Amino acid sequence: MQDTTNDPILEVRGLRVHIGTPRGVVRAVDDVSLTIGHAQALGVVGESGSGKSVTAKAIMGMLPRRSGCAGQILFRGRDLLTLSRGERRKIWGTQVAMVFQDPGRSLNPVVRVERQLTEGMRRHLGVGRAEARSRAVGLLAEVGVPDPERRLRSYPHELSGGMRQRVMIATALACEPDLVIADEPTTALDVTVQRQILDLLRRIQRDRGTALMLISHDLAVVAGRTDRTAVMYAGRLAEVGTTKTVFEAPRHRYTHALLGAVPTIDHERHTPLRLISGTLPDPVDPPAGCRFEPRCPAARTECGTPGPVMASVGHDHRVACCVPVPTAITTPTAGGHDGR
């Protein structure tokens, strides 16, 4: 797939999200900048609490009430943060859609699949009931739901977890969006179904030419299924580049440690994994400099105040690290990344 980063469909610039809590203000996202090109797949990975889902919610306008958002979120050149809620509603669900991690909560349990699939089409695309139903049948078939005519009459609880997630994907595609955000789309599914759903998302993304933001805490999820990968840690961007480069030659100490902690097919059965010591910093009172510094074995004085800045270390490869991993050191790739 050609590199389209110079002509992004989505560009996040200096995004900051602060959320008020009883303990104080949490800087959930702190100066994050990302781009997604047309028909491009971007993986966003990191531990729980890294800010990846909050970034997605900021794009979709789903932040909690006690939150503040600053920076720019440019979709096709328009800053979503400057638009009225009415103007943003015309974009959300139609041009930008989201696949949530738990379809059991996202789908209405008392509404049949047909209505949930056709409602958006009728409202936003202006199609009649018969055409919307015909499109719904085609969407269910496209996402691999057997006997789609019968499934339209089902309630969500009558479907398996994998089938519900396929319905969620079909719902997200109903209005033919240009960008789909999938936030941990396989968390509640078993391993076999997980792979089917992830491969389905990638196939649909390629076939339709849709841009995709795939969010996961699991490195293996984005390996081989995205063009570029962004690694987040404690609300900040640690590393971003092509998926092949990030997995085969990570430069940030956190990315390198993450990949080193993933078991590979040739891992000795009784050999312990290389775990990352320590825990994520307090989100209310994070370190002034590099937020990974307390857990980093290579940390130096300069990692404190003021800490690292995002800098280029190669073509389409940027890292925020004062002591980047030498290029001669490689790491086993998670999930057997094949560069697809």
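Reader: In S5, which residue is the bridge partner of Leu 74?

Author: Leu 74 is bridged to Asp 79 of S5. The model is predicted: local features need pLDDT of at least 70, side-chain atom pairs count only at pLDDT 80 or more, and totals for chains, interfaces and linings use all residues. Residues are numbered from 1 along each chain as its sequence is written, and side-chain values use heavy atoms, with hydrogens and water left out.

Reader: How do you know that S4 and S5 pair?

Author: Two strands pair if DSSP finds at least two bridges between them. Strands here are DSSP runs of E with at least two residues, helices are runs of H or I with at least four, and both are numbered from the N terminus.

Reader: What makes S2 and S5 edge strands?

Author: Strand S2 (24–37) and strand S5 (78–79) each pair on one side only. They belong to an open, antiparallel sheet of four strands in the order S2-S1-S4-S5. Helix H1 (residues 52–60) packs on this sheet and touches strand S1 (8–21), S2 and S4. Its direction makes about 110° with that of S1; such angles run from 0 to 180 degrees between N-to-C directions, with axes fitted to C-alpha atoms, for helices over the stretch in contact.

Reader: What is the strand order of the open sheet of eight strands?

Author: The order is S6-S7-S8-S3-S9-S10-S12-S11, and the pairing is mixed. At its edges are strand S6 (96–99) and strand S11 (311–314), each pairing on one side only. Neighbouring strands of this sheet are turned by 20° against each other on average, direction ignored. Four bridges connect S6 with strand S7 (residues 179–183), and these two run parallel. Val 99 has Ala 182 as its bridge partner in S7.

Reader: What makes S6 covered on both faces?

Author: Val 96 and Met 98 on one side, and Ala 97 and Val 99 on the other, are all buried. Buried means under 20% relative accessible area, exposed over 50%, and partly exposed in between (1.4 Å probe, protein chains only). Helix H7 (residues 161–173) lies across S6 and S7, at about 175° to S6.

Reader: Why are H7 and H8 called roughly parallel?

Author: The axes of H7 and helix H8 (residues 191–208) come within 10 Å and cross at roughly 20°. Angles under 35 degrees count as roughly parallel, over 145 as roughly antiparallel, 65 to 115 as roughly perpendicular, and the rest as oblique. H7 and H8 are therefore roughly parallel. Their crossing is right-handed (near helix turned clockwise from the far one by less than a right angle; anticlockwise is left-handed). Residues meeting there include Ile 169 in H7 and Leu 200 in H8, where contact means heavy atoms within 4.5 Å.

Reader: Which residues have the most contacts inside the largest nonpolar core?

Author: They are Leu 117, Leu 140, Val 143 and Ile 169, in a core of 57 residues. A nonpolar core is a set of buried Ala, Val, Leu, Ile, Met, Phe, Trp, Tyr and Cys residues joined through side-chain atoms within 4.5 Å. H7 gives the largest share of this core, seven residues. Ile 169 touches Val 99, Val 143, Ile 197, Leu 200, Leu 201 and Ile 204, not counting residues up to four places away in sequence. Another core, of 36 residues, lies apart from it and includes Val 29, Leu 34, Leu 42 and Trp 92.
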